[in-house]
Amino acid sequence: MVLKDLRSVVSLLLGLTVLQAAAVDLGRIRAEEVAVYVQDLNSGEVLEAHREDVALNPASAMKLVTAFAALRSLGSDYRWQTELKTAAGQRNGVLDGDIYWVGSGDPVLDQDGLTAMQQQLRDGGISRINGQLVLDGSVWNGRDSADGFSDDSGEPFMTAPDPHMLAYKVVWAVPERNESGGVAIRTNPPLPNIAFDNRVSLSGSASACGSLSRYMNAVYGKGVLSFSGSLPESCLGKEMFINMLEPKEFAQHSFINQWRAAGGSISDGLRLGRAESGAKVVARHRSKRLAEVLSDMNKFSNNLIARTVFLKMGERSADGLTAQHSEAAVRRELASAGLDDEALVLENGSGLSRRERITAKMLGQMLGKAYRSPFQTAFVDSLPIAGTDGTLKTRFKHIGPPLRLKTGTLKNVRALAGYYLDDKRPLAVVVLLNSPRAGGLLEELDALVTRIVQTYRSKP
């Protein structure tokens, strides 16, 4: 009798599991192509768990892991600090030696930040630098990797981290009317050392410009930056970016040319090396708060920021940094939070990886930990808002701001992970789709998330 009752209970539980798994229709997505994990964040109840323990490629949804670990380790108020140092003497406005740019790996340092540091030099009485610019990149030793993307090597999203990363190493070009009524091209940073071949003309059209890149083309090769195209007048003053130099070369052009454009002088050339012992700080720049940087990272799925934050996690004062240190640091934070990382595979923490893997269950449980953490606001606010901004600006408009999801996109991969912030029943939602058909299933993926929200959100 006891055995019969036990079998009845097991059958009932199995039946409930089947009913639960069938509660959300997968549509045209095959069961073996997807993993789903949904949790009620108030009660902790797992509402959906389909293939939740299968390790899959999450693409850029992996950035959530990097954000979680960084907020735990560094805190939402952390700021990178970039310094200019010198050991040279100064007299009558002349710095009689080298200036060291001690890179911090700040992923969002821009031209304004650089020129602000240079203004600090001028405020300190320096107008002429008799020495050279020296780049000190000792904050890092070694790099991360993003293997398997050789066909995309020139794309902006492939830009690798660098201790002296500046403005994502892109040149901004602006067409302007010159004195003769033609088109001149102004760049930021200024590039007087690079030859321009300008074949841009005005078309006379009164049409709206929209995107400047539709009308103007820019190509850099063999030391020449070539511009071509025919522009409507509405394109004058618009901007487009050009990814044309390596990070250290870009830093060199930027520093020297910005300094000279403001009236200063400095010797040509560039050296790499550590700042001399005893060199004093003559200027510094502090980055935005980590919370703001992670918002840039997650909302726009910025690989460079994610890879840099990942590397930051592994800094060591004694031996610099390696990606192995970074992975170990991330795993320590996950373990400290009580998360099982056995199935986790890390490469660079950005999801720009053919190798990275995570289970829907681990990602969902991590979302739950973040929601109940002291950094909840910073973490949640970093996510794209449905129908409003970032990579969700044109998606889920019918649901709107309560839905906040990190997207993930690679060949054969589509992913969504984040929250539905219902006042009464907030949800953690994870859907990982790995399939050769993934590229054609985006609408089905969005429909699946919509059905999950409609099924489990609180009723009025």
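Arginine 354 lies over the face of phenylalanine 149, at 4.0 Å from the ring centre. The model that shows this is a predicted one.

Across the whole structure, a search finds seven aromatic pairs. One of them joins tryptophan 101 and phenylalanine 255, whose ring centres are 6.2 Å apart with 40° between the planes, a tilted arrangement. Because tryptophan 101 belongs to strand E7 (residues 99-102) and phenylalanine 255 to helix H4 (residues 247-261), the pair ties together parts that are 154 residues apart in sequence. Both tryptophan 101 and phenylalanine 255 are buried.

A further pair is made by tryptophan 172 and phenylalanine 241, with 5.8 Å from centre to centre. The angle between these two planes is 65°, so the pair is edge-to-face. Tryptophan 172 is in strand E10 (residues 171-177) and phenylalanine 241 is in strand E15 (residues 240-242), so this contact ties together parts that are 69 residues apart in sequence.

Arginine 372 sits in the loop between helix H8 (360-371) and helix H9 (376-381). Leaving aside residues up to four places away in sequence, arginine 372 touches Gln39 and Leu41. Its C-alpha is 9.6 Å from that of asparagine 42, although 330 residues separate arginine 372 and asparagine 42 in sequence.

Technical notes
Residues are numbered from 1 along each chain as its sequence is written. This is a predicted model: local features need pLDDT of at least 70, side-chain atom pairs count only at pLDDT 80 or more; totals for chains, interfaces and linings use all residues. Side-chain values use heavy atoms; hydrogens and water are left out. Helices (H or I, at least four residues) and strands (E, at least two) are DSSP runs, numbered from the N terminus. Contact means heavy atoms within 4.5 Å. Rings of Phe, Tyr and Trp (its six-membered ring) pair if their centres lie within 6.5 Å; planes under 30 degrees apart count as stacked, over 60 as edge-to-face and the rest as tilted. Buried means under 20% relative accessible area, exposed over 50%, partly exposed in between (1.4 Å probe, protein chains only). A charge sits over a ring if NZ of Lys or CZ of Arg is within 6 Å of the ring centre and within 35 degrees of the ring normal.
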